[in-house]
Amino acid sequence: MRFPSTNNTLSLARRAYATSPRTPLLVTPSQLKSLPIATTLPLDVSWHMPNSDRSSLAEFLSGPRIPGAKRFDLDEVAELDPAKNPLSLTHMLPSAETFQQHVQKLGITPDTHLVVYDTIGVFSSPRALYTFKAFGHDKVSVLDGGLPRWLHEGYDVEVGEEGDGRGETDYPLPKGPNPDFVRSYDQIVKNAELGPGSKEYEIVLDHRPRARWEGSAPEPRPNLPSGHIPHSLPAPFLEYLLPSTDSKPYTSFKSVEELKKVLVNAVGGQQAWDELVRGDRNAVFTCGSGMTAAVGWLANELVRESEGSKAKTSIYDESWTGYASRPESKIEKSA
């Protein structure tokens, strides 16, 4: 069932935005509304922390949701093979075959413009964008502010049973995931052994809350110690975002200028940032499970696109859950 919007005004400027040859990393609700229905697919990619009692699937099925949206479950479109994921970690990047199977079922083609969103504002949607780009699907944008902003600005919604969808497609088998997008446990350990004094060392930014990085607060996952990877630096993901307020009940990205300031501070100052911009050094983003690290990854992509930076970044896919689950891992605490 679809409910009508009370806001049907679209400016010519925003319509023109949708015709840009480069797929934007972020879109607003009005920009999503202006995109051609035939080649655009909204995807609900909501995910909640393991200590949350919310169900992303149940919320999607009952609605409200964006009209025509489909569900893309980051924990299902993942590496579930115990031989390749012996720690049974969640939302690890899938194989090319698993990715292909899921996008085909959703009716996605290489020309489909995907607009990914979550029910917080900005939380899990950057991880979905990262996943699609890791497999070479560049026509993907994050809905800045997510479903809460869509609702707040008065656009149409659906509730109840989903529509029939687009039917399966013949999506070609991708070559990904692109190895430049991801780092493994062995690479992280070797990097820590190199240390910041090495020219080959990659700066590691940890996007968990600072208290968990320090080791003074518990992890949300049972029996997992807090602390951090040696030499990693704290970069709480909320620092990239404008918080939810009564007037704007959703999180959204800060301006590119503000994102740059956050990143410069996180990597250790202007000199370290300049090395990244020149491409002399790389950065790796990590968090609790590889989810909110993508918020920082996307923040850097926004700055990189705006300023022509050569900064190369990746995500440690296992993140803290994988690292701290291994008894041989070296854990530092700053508390």
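**Figure 1. V182 and its partner across two strands.** V182 stands opposite I315, a residue of β14. The model shown here and in every view below is predicted. Strand β8 and strand β14 (residues 313-316) run parallel. Two bridges join them.

**Figure 2. The open sheet that holds β8 and β14.** Five strands make up this sheet, in the order β8-β14-β13-β9-β10. Their pairing is parallel. β8 (182-183) and β10 (233-234) stand at the edges. Each has a single partner strand, so one side of each has no neighbour in the sheet. Helix α9 (residues 256-267) packs on this sheet. The helix touches β9 (203-206), β10 and β13 (283-286). The direction of α9 makes about 115° with that of β9.

**Figure 3. Another open sheet of five strands.** The strand order here is β2-β6-β5-β3-β4, again with parallel pairing. Which strands stand at the edges? They are β2 (26-27) and β4 (70-71). Each pairs with a single strand, so one side is left without a neighbour in the sheet. Strands of a sheet pair through backbone hydrogen bonds, either parallel or antiparallel.

Figure 4. Strand β3 (residues 40-44) pairs with β5 in the parallel sense. Five bridges link the two strands. Look for T40: its bridge partner in β5 is H113. Helix α5 lies across β3, β5 and β6 (140-143). α5 runs at about 180° to β6.

**Figure 5. G121 in its loop.** G121 sits in the loop between β5 (113-117) and α5 (125-134). Is G121 buried or exposed? Its relative accessibility is 0%, so G121 counts as buried. Leaving out residues up to four places away in sequence, G121 touches L143, G145, G146, P148, Y250 and T251. N85 is 36 residues from G121 along the chain. The C-alpha atoms of these two residues are separated by 30 Å.

**Figure 6. The largest nonpolar core.** This core has 60 residues. L43, F72, I108, F132, Y240, F253 and L298 touch the most other members. Helix α11 (residues 293-307) gives the most to the core, with eight residues. Take L298 as a close-up. Not counting residues up to four places away in sequence, L298 touches L25, L26, P126, L129, V142 and F253. A second, separate core has 13 residues, including F60, A69, Y117 and Y155. In soluble globular proteins, nonpolar side chains tend to be buried together.

Key. Residues are numbered from 1 along each chain as its sequence is written. This is a predicted model: local features need pLDDT of at least 70, side-chain atom pairs count only at pLDDT 80 or more; totals for chains, interfaces and linings use all residues. Side-chain values use heavy atoms; hydrogens and water are left out. A nonpolar core is a set of buried Ala, Val, Leu, Ile, Met, Phe, Trp, Tyr and Cys residues joined through side-chain atoms within 4.5 Å. Buried means under 20% relative accessible area, exposed over 50%, partly exposed in between (1.4 Å probe, protein chains only). Helices (H or I, at least four residues) and strands (E, at least two) are DSSP runs, numbered from the N terminus. Contact means heavy atoms within 4.5 Å. Two strands pair if DSSP finds at least two bridges between them. Axes are lines fitted to C-alpha atoms, for helices over the stretch in contact, and angles run from 0 to 180 degrees between N-to-C directions.
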